[in-house]
Amino acid sequence: MNWVVQVGANTLDTIRSFGRAFLMLTGALIAVPQLKNIRLTLQQIYVVGVQSLLIILVSGLFIGMVMALQGYTILVGYGAEGSLGPMVALSLLRELGPVVTALLFAGRAGSALTAEIGLMKATEQLSSLEMMAVDPLRRVVAPRVWAGIISMPMLAIIFSAIGILGGHLVGVDWLGVDSGSYWSIMQATVDWNKDVVNGIIKSIVFAIVVTWIAIFKGYDAVPTSEGISQATTQTVVYSSLAVLGLDFVLTALMFGIN
Amino acid sequence: MTTRKTELMVGFFVILTISATLLLAMKVVNQGFSDNESSYTLYAKFDNIGGLKARSAVKVGGVTVGRVESIYLDPEDFNPVVVLSLSQQYNNFPDTSSVAILTSGLLGEQYIGFQPGFAFDDFVTLADGDYIQDTKSALVLEDLIGQFLFSRDSE
């Protein structure tokens, strides 16, 4: 009988935490945006977006370069090395750009958000804000949520662009694919609405999910040092799993049935 | 204090994003024949369209002048009808023009080769909604082999 009780308790716990997460998000986002909150959001875009720029640029460049290198060795066997451009561009725009950006973002910015908010909770800064009649959801949570949702699609676009340039660097400048065919076959294949816009939509969905998980895990953390470390780990694990799972669903919806 | 530096860096971030978007829009994306450019529609009925797909190119002497808008089956005679969307820039093709389904390269994708007809003194141009009468279907390898064997048998 005991294990049935356990299953029931776990289910209720899960549902309760979903409810708390949803309440936190609505409480943070349904607030009327204030001018001073835009300042705070800008500050958070700096922390979350600009400071993630280096890792995004470097990994985007190298992923584009590796794809060009691997693609070239296979395509050249078929005499189809001209198709290197669309191969690099499509895989970056449709899949790797949004997904790798989201994974890096979860590791680089999501864990930091969790730790920051978790520590604020542990040191009772959030309670002090409430004591001063400042709503911590609006003051602390909302700017971070918006910053995450705004920054990640921007990072994904930059990732794809720099990856395509990296592919050009390896494919054209080092391996000798014709520069004209690299760009022109790419242009003939890549479609703005189908490939670029769908990639951005994916990235917006990932941004909402990753930021939400990161902030909720911090806000809901057990206020001890152990609890915060656990919450940070959970942020990275859960958001990576959510991103990879959602990516399959989104790809099936966008490109699967045609 | 740090606000000014923050704003500067966020500004750089936004500019970097805009330039990345521009790179994607200008260099990566197909901008040859966009959908919002003014175009007119022609219809062509084939026996067999082979591997032609929607958005395949329509070319005159190698120059892309339009795209395949859609393909459907005529419910009465069960022949495929291809809807062509041609750029308004090229709107004076004679109605004696013909279309054929061709393949680019040995393994390339199929496209519509548009062959303008002779322009006589009193020629009629193809207008929006017209059917192109003279069509040549795609070559299907199995049909070719079948015809070859048949002609050998009858010899």
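The contact between the two chains takes 22 residues from chain A and 16 from chain B, where contact means that C-beta atoms, placed from the backbone, lie within 7 Å. On the side of chain B that touches chain A, there are 9 nonpolar, 5 polar and 2 charged residues. Here Ala, Val, Leu, Ile, Met, Phe, Trp, Tyr, Cys and Pro count as nonpolar, Asp, Glu, Lys and Arg as charged, and the others, Gly among them, as polar.

This is a predicted model, in which local features need pLDDT of at least 70 and side-chain atom pairs count only at pLDDT 80 or more, while totals for chains, interfaces and linings use all residues. Residues are numbered from 1 along each chain as its sequence is written, and chains are lettered from A and ligands numbered from 1 in the order in which they are written.

Next, a residue in chain A. Leu137(A) sits in helix 6, residues 136–174; helices are DSSP runs of H or I, at least four residues, numbered from the N terminus. Is Leu137(A) buried or exposed? Leu137(A) is buried, because 22 other C-beta atoms lie within 10 Å; the cut-off for buried is 20 or more, and for exposed 12 or fewer. Beyond neighbours within four places in sequence, its contacts are Met24(A), Gly27(A), Ala28(A) and Ala142(A). Leu54(A), 83 residues away along the chain, has its C-alpha 30 Å from that of Leu137(A).

Last, chain B. Helix 2 of chain B, residues 141–154, has 14 residues and reaches 20 Å from first C-alpha to last. That helix is hardly covered, with a count of 0 buried residues.

Definitions and conventions:
Helices (H or I, at least four residues) and strands (E, at least two) are DSSP runs, numbered from the N terminus. The expected span of a helix is 1.5 Å times one less than its number of residues.
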